[in-house]
Protein chains: 2
Amino acid sequence: MTSQEAPETWITPLTPLSFLRRSADVYPEKVAIVHGAARHTYADFARDAQRLARGLRASGVEAGDRVACLLPNVPEMLIAHFGVPLGGAVLVAVNTRLSSEEVRYILDHSGATVLVVDSTLRAVVDPVADSLETVREVVTLVDPQGPDAGTSTDGATWEDLLARGDGGADLPWEVTDERSTISINYTSGTTGRPKGVQYHHRGAYLNSLGEIVHSYHDPASVYLWTLPMFHCNGWCTPWAITAIGGTHVCLREVRGDAIWALIGEHRVTHLNGAPTVVTTIMNAAEARTLDYALVVTTAGAPPSPTTILEMEKMGFRIVHVYGLTETYGPYTVCQWQEDWRGLEEQERARMQARQGVGMLIAEPVRVVEVLAEEYDPANVQLVDVPADGQTMGEIVMRGNNVMSGYFRDADATAKAFAGGWYHSGDLGVMHTDGYVELRDRAKDVVVSGGENISTVEVEQAVLSHPAVLEAAVVGVPDERWGERPKAFVVLRQGKDAEPGEIIDHVKGAIARYKAPRDVEIVEELPKTSTGKIQKFELRAKEWGDSGTRIRG
Amino acid sequence: MTSQEAPETWITPLTPLSFLRRSADVYPEKVAIVHGAARHTYADFARDAQRLARGLRASGVEAGDRVACLLPNVPEMLIAHFGVPLGGAVLVAVNTRLSSEEVRYILDHSGATVLVVDSTLRAVVDPVADSLETVREVVTLVDPQGPDAGTSTDGATWEDLLARGDGGADLPWEVTDERSTISINYTSGTTGRPKGVQYHHRGAYLNSLGEIVHSYHDPASVYLWTLPMFHCNGWCTPWAITAIGGTHVCLREVRGDAIWALIGEHRVTHLNGAPTVVTTIMNAAEARTLDYALVVTTAGAPPSPTTILEMEKMGFRIVHVYGLTETYGPYTVCQWQEDWRGLEEQERARMQARQGVGMLIAEPVRVVEVLAEEYDPANVQLVDVPADGQTMGEIVMRGNNVMSGYFRDADATAKAFAGGWYHSGDLGVMHTDGYVELRDRAKDVVVSGGENISTVEVEQAVLSHPAVLEAAVVGVPDERWGERPKAFVVLRQGKDAEPGEIIDHVKGAIARYKAPRDVEIVEELPKTSTGKIQKFELRAKEWGDSGTRIRG
């Protein structure tokens, strides 16, 4: 201790564990979690997190070990978000829509020693259970509110695991190093193997505070779990809602009827989701106009201005954020500007459909041209593109809410951080007002006659046609122009439109050269397990074996 | 870089400087500061902070140097909260109500090299200006909205200082070490010399986020500066309001008429202040009931339940916080509980008058018995008192929003952190619900017949009499009981009450033995420059030279 410094105690390492400790102290009897007919108070929540932490230790889990959970949005998944790190371990929340082989890869790569699996997902795990490299024990959750309630299972149950921790002393809600890893989230791996994105306690803590501020949470928040918790740890929301002392409303399946029933029953104030979730809510038979403002924080793909306006008319308040698995979920927010109120409503919605600016707790987002010879990560220069709303560049980010790296993949980490910033792989523009707008995933740009066409822009124009429910635009080969955009369209129930009508509509909305030459009406669009439209499948179908799928 | 880590860039040191950088990026044209007829946008604010930072450097200020400001709540004081640390220096905001000798002590002790002083406070500085040990330059602010507007001054002006920085490149809104000192705040020094409390960038950043959450700030916040910025850096509010992108409304003098005029003109949404500020607002001739909720965050002394109820009836929403200079201002908040709505209103107000629980970003507050031999700081045990709402102990705190120590006072630092926690010197109880209630400043307990009597409790009972405006209770000598409580009372304008009536009223409200035997009606109570009632003066008068003023 030098003459001017207090003891080490004046710095407390930042960790989301402190959030549950505090809410259990302050709101012990308040309902923390609603799940079907079940209610968990904050005292229950903290007690079960302690039991889980001790149970894992009693099961041989040691500091830094990985504990995997293959669970829907149930209370146990929330408990795991605290109990696993409380036990000193690292949470690996696995996507419930993956195949057995994909799950096996993640379990083996992460080196998980314990797997907690929902009984309904045993069918995914069982085929590979005997050949897992590191998992010593599979623990089954039979959710008393789920379809298997009351049935038995082989091996240890969730309750068995927790019971192993009974009788021990409470563990401290603390960490010694705020940069230690709290969780590993695997990317969906559209190209190549999934990568394990490491989050640290400090980043999770700060991102949670950022979301409280930007999504307008307060202790009266009633948050509906439409966003999967396995997806970027639900954008850190298990920690954020617990921090503010709000109520989590669980949801095993994202269905329109269930969502509307829970909104009505619990007067839900907040939910998060990709635009597909928003579409589900809007188009449910039960959809109605609300008599209060329900905040919907959306990301994953740019919401179309049309969607934003429709949602607002139903009483929803849209908060548009943008990020990736590598950024703890949201990194930017389309921060509202008061003078947008004066804009014509389509124009205003277009402002809101942009990805925006870094969150309060984030560094500024940049859009850069990457100058490199042969893309040597050690020798890369990042040059900001002009803030003209036109020049496309790569969106790059860094700081406390950017991952600490890919688990056991130094090469991918080095490449991702070329030049000292995390490379999103997304292309966008910087507007004159400093707001970033995503123009495309790098691989989805259509280059036609030397002009870059943003498929997002074309999609938004297609979506503004009243008969269109969903749309995806990809580049297809063209003799003359190299590529030209083609739209795949799902129509709204009971609505009808000819391709020619939609093309004319688009030509009336954006530059004519950007309009798709073809519109194909389809029953549904191919999607990944997380609901992203799989454009590569659409492209593959169109390009056949013409050799290249790259810009003409 | 190890195999599992990204480059160093993945950690960004926390600093409030990032708040102004962001708000200037996101809200360049928004009004950041209102001062009389003047308006400063966020772009202006950031530009002037840069000019100040560069101007200080051009004036020879080096990293870690102290820069003192003796200023009322004017825009330049807000600019200094960013510009001084942006220039790498440490801000020393000096109490404007001190005497020349007190100011001299602080300037010399802090080793400030530059002093910025408001023209109206030159009369305080001039008598000692020539004999200051370290100040090389005194810079005078002639506030264009102040009483000296348009007059000239000798030496450099604020504008001269800023102009020295013109033409240079912008400095980065960054620090290399988040634990480096951002400011030093001198205690009011009721006993002995003032001590220099050091705040670091990390603590200021986190405390700001905590206040945004607990005082319900959002980008529409219009914050009226009734709390002096020299007091704990205005509880970090210069940084918090800037972070959220709200509007600061400056105020040179805390007068009821001026406050009500500004509330009306700008539709103020938030203000902070000690109960004396609240009293000023409530009792102004202009006081009226508001048609919206204005959040008043109050601390400094426990507000009486009566005050809380009166304020609520006028439309104010009370957030009660507690802290000290050593804790960046607020450390605890009396977190609202929904089930308090069902309580009888006096009972509810009593719940709200408690100091509460640690803020979201703070560690839990403790109430402890200090076990030590001869109070050796190195050998102290802290034992939590029972959470029974009765047993008094000392309130102790630690963590990110507790000072890093007293500047150049290792002994006082070691003593303050005896046992690893910061000792507030305040006595309180821990209620069964985990809420702390301040019962007294250690030196203000009345021990009568072996029973501890909380002067705060007695004061609240006295204040619940409708004719009473202010009250202070101290222990006075008593032959039989050692001490007994005596109340000094200021009556409300136009109201009357006999001492006997007030005593009877108190006996009806709390245990009879706690009632004051004497009530003295006075014109005004002695107060410190920060508005705290100086009980030691009242005690001194009563105890005369009876030798001891310690509990009988």
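**Where the domains touch**

Ten residues of domain 1 of chain A are in contact with eight residues of domain 2 of chain A; contact means C-beta atoms, placed from the backbone, within 7 Å. On the side of domain 1 of chain A that touches domain 2 of chain A, S8(A) supplies the largest share, four residues. Helix H4 (100–110), strand S7 (181–186) and strand S8 (196–200) of chain A each give at least two. Helices (H or I, at least four residues) and strands (E, at least two) are DSSP runs, numbered from the N terminus. By class, this side has three nonpolar, five polar and two charged residues. Ala, Val, Leu, Ile, Met, Phe, Trp, Tyr, Cys and Pro count as nonpolar, Asp, Glu, Lys and Arg as charged, and the others, Gly among them, as polar.

The model is predicted: local features need pLDDT of at least 70, side-chain atom pairs pLDDT 80 or more, while totals for chains, interfaces and linings use all residues. Residues are numbered from 1 along each chain as its sequence is written, with chains lettered from A and ligands numbered from 1 in the order written.

Chain A is divided into domain 1 (40–199), domain 2 (366–443) and domain 3 (445–543); the bounds come from an automatic or database assignment. The centres of domains 1 and 2 of chain A, over C-alpha atoms, are 33 Å apart.

Now the sheet. Nine strands of chain A form an open, mixed sheet, ordered S2-S1-S10-S9-S11-S12-S13-S14-S15. Pairing requires at least two DSSP bridges. Strands S2 (38–41) and S15 (357–358) of chain A are at the edges with a single partner strand each, so one side of each lacks a neighbour in the sheet.

Definitions and conventions. Two residues are in contact if their C-beta atoms, placed from the backbone, lie within 7 Å.
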